[in-house]
Amino acid sequence: MAKLGAETAETTADASATSGVAFIDGRYCPIAEAKISVLDWGFLRSDATYDVAHVWQGRFFRLDAHLDRFERSMAKLRLQIPQDRAAIAEILHECVRRSGLHDAYVEMICTRGVARAGSRDPRQADNRLIAFAIPFGWILRPEERDRGLNVVVASVERIPPESVDPTVKNYHWLDLVQGLFEAYDRGGENVLLKDRDGHITEGPGFNVFVVRDGLVATPDRGVLEGITRRSALELCAELEIPTEIRPVAADELAAADELFATSTAGGIMPITRVDGAAVGDGRPGPMTARLIALYWDKHSDPAWSTPVAYG
Ligand SMILES: Cc1ncc(COP(=O)(O)O)c(C=O)c1O
């Protein structure tokens with residue numbers, strides 16, 4: 001299993017590049033210099049989509065799956081950029097290569113761009129691609145990874161999927177951020193949001209899974225179809241653990257044997273408290289531990305990962 005906990009060192013001689021490299025306006029620059037216009041509708045209206053892949057120990061993890069989702073999201077939002085899929089992949093590799101990072105968080109963004117003066121017509125904006133590689137970041141702090149996350153189920157509802165399609169990865173996070181503040185106020189460290197019917201959806205940057213009597217379930221709708229969620233489901237299949245993708249009622253959390261979150265920013269992560277109460281015995285469970293171990297093992301498997309073109 002890969003070394004977890006302490007982030008591995010970046011192997012770069014260039015200290016100025018250690019915090020990352022961006023591609024913006026057709027050129028590469030240090031991340032600190034990557035700026036967008038305040039008139040870009042990506043900023044003014046959250047009119048953008050994005051995707052986040054990661055590099056672990058010098059290898060991209062499931063980059064194709066991230067590119068598939070990014071292309072699907074752009075098509076659904078009617079965003080078009082001059083770069084094709086191969087060019088996007090090359091830009092991502094180049095950001096990582098130039099950064100020298102071996103554990104990296106690699107983001108690609110397509111914004112609507114700046115509209116013509118006075119125009120409110122989104123068809124008249126030039127859509128643009130931005131990409132960057134920065135050091136790998138975790139949703140959970142090191143102590144939370146060991147003991148599991150303490151979440152609160154917030155009263156604020158997730159934006160309905162009929163309004164904003166959650167399968168398009170997006171920056172409509174006001175509900176999630178308000179939920180986070182509610183969680184902090186109630187003694188939690190992170191948050192899960194319900195939908196209008198009271199079913200669990202997701203948290204800020206992660207999907208959620210419930211383990212009960214050997215069966216693993218995750219919400220079917222109102223969520224981003226996370227690549228790590230897919231990985232967890234595929235790992236369950238490999239381990240012959242039965243899974244269900246279905247509505248998950250809020251009260252299933254308290255009754256669960258184990259809960260875990262999934263995200264590119266950290267992989268599979270135990271949740272051990274919900275609304276102040278312990279999940280199971282209050283410690284990360286054995287099913288979660290098996291999945292975490294296999295997930296990190298897959299990072300060196302050529303079927304799941306590809307080497308970065310460091311040159
Ligand atoms: C709202 C939301 N749900 C779930 C996820 C997890 O998706 P993935 O596993 O592809 O990182 C993310 C990732 O940022 C997210 O923003």
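Buried means under 20% relative accessible area, exposed means over 50%, and partly exposed is what falls in between, with a 1.4 Å probe and protein chains only. I start with that because Glu144, at 3% relative accessibility, counts as buried.

**Entry 1. Ground rules**

I am working on a predicted model, where local features need pLDDT of at least 70, side-chain atom pairs count only at pLDDT 80 or more, and totals for chains, interfaces and linings use all residues. Residues are numbered from 1 along each chain as its sequence is written, and side-chain values use heavy atoms, with hydrogens and water left out.

**Entry 2. Domains**

I looked up the domain assignment of the protein chain and found domain 1 (18-135) and domain 2 (142-299). Such bounds come from an automatic or database domain assignment. The centres of domain 1 and domain 2, taken over C-alpha atoms, are 26 Å apart. Their contact (heavy atoms within 4.5 Å) draws 21 residues from domain 1 and 21 residues from domain 2.

The size of an interface is often given as the accessible area lost when the parts come together. I noted about 2000 Å² buried between domain 1 and domain 2, with 57% of it on carbon and sulfur atoms. Buried area here is the accessible area (1.4 Å probe) that two parts lose on being put together, summed over both.

**Entry 3. What crosses between the domains**

I counted salt bridges next; the term needs a side-chain nitrogen of Lys or Arg within 4 Å of a carboxyl oxygen of Asp or Glu. Between domain 1 and domain 2 there are 2 salt bridges. I also looked at Asp165 and Lys76, whose side chains form a salt bridge at 3.4 Å, N to O.

There are 10 residue pairs in polar contact between domain 1 and domain 2, both residues at pLDDT 80 or more. A polar contact is a pair of N or O atoms within 3.5 Å; within protein, one must be able to donate a hydrogen and the other to accept it, and residues adjacent in sequence count only if both atoms are side-chain atoms.

On the side of domain 1 that touches domain 2, at least two residues each come from β3 (48-56), β4 (59-61), α2 (63-76) and β5 (104-111). Helices (H or I, at least four residues) and strands (E, at least two) are DSSP runs, numbered from the N terminus. The most comes from β3, with 8 residues.

**Entry 4. Salt bridges around Arg141**

Across the whole structure I get 27 salt bridges. Arg141 pairs with Glu144, the closest N and O atoms being 2.8 Å apart. Arg141 itself counts as partly exposed, at 45% relative accessibility.

Arg141 also forms a salt bridge with Glu189, with the closest N and O atoms 4.0 Å apart. Arg141 lies in the loop between β6 (128-135) and α4 (142-147) and Glu189 in the loop between α5 (174-185) and β8 (190-194), so this pair ties together parts that are 48 residues apart in sequence. Glu189 is buried, at 16%.

I then checked Arg186 and Glu182, whose side chains meet in a salt bridge at 2.8 Å, N to O. Arg186 is partly exposed at 43%, and Glu182 is buried at 17%. Shared partners join the salt bridges of Arg141, Glu143, Glu144, Arg147 and Glu189 into one network.

**Entry 5. Two buried residues**

Thr272 sits in strand β13 (residues 267-274) and is buried, with a relative accessible area of 5%. Its side chain reaches the backbone oxygen of Arg147 at 2.7 Å and that of Gly148 at 3.5 Å. Not counting residues up to four places away in sequence, Thr272 touches several residues, including Leu149, Val279 and Pro284.

Phe23 is in strand β1 (residues 21-24) and is buried at 6%.

**Entry 6. Positive phi**

Most residues other than glycine have a negative phi. I noted Gln57, with a phi near 50 degrees, in the loop between β3 and β4. Gln57 counts as partly exposed, at 44% relative accessibility. Asp275 also has a phi near 50 degrees and lies in the loop between β13 and β14 (277-278). Asp275 is partly exposed, at 41%.
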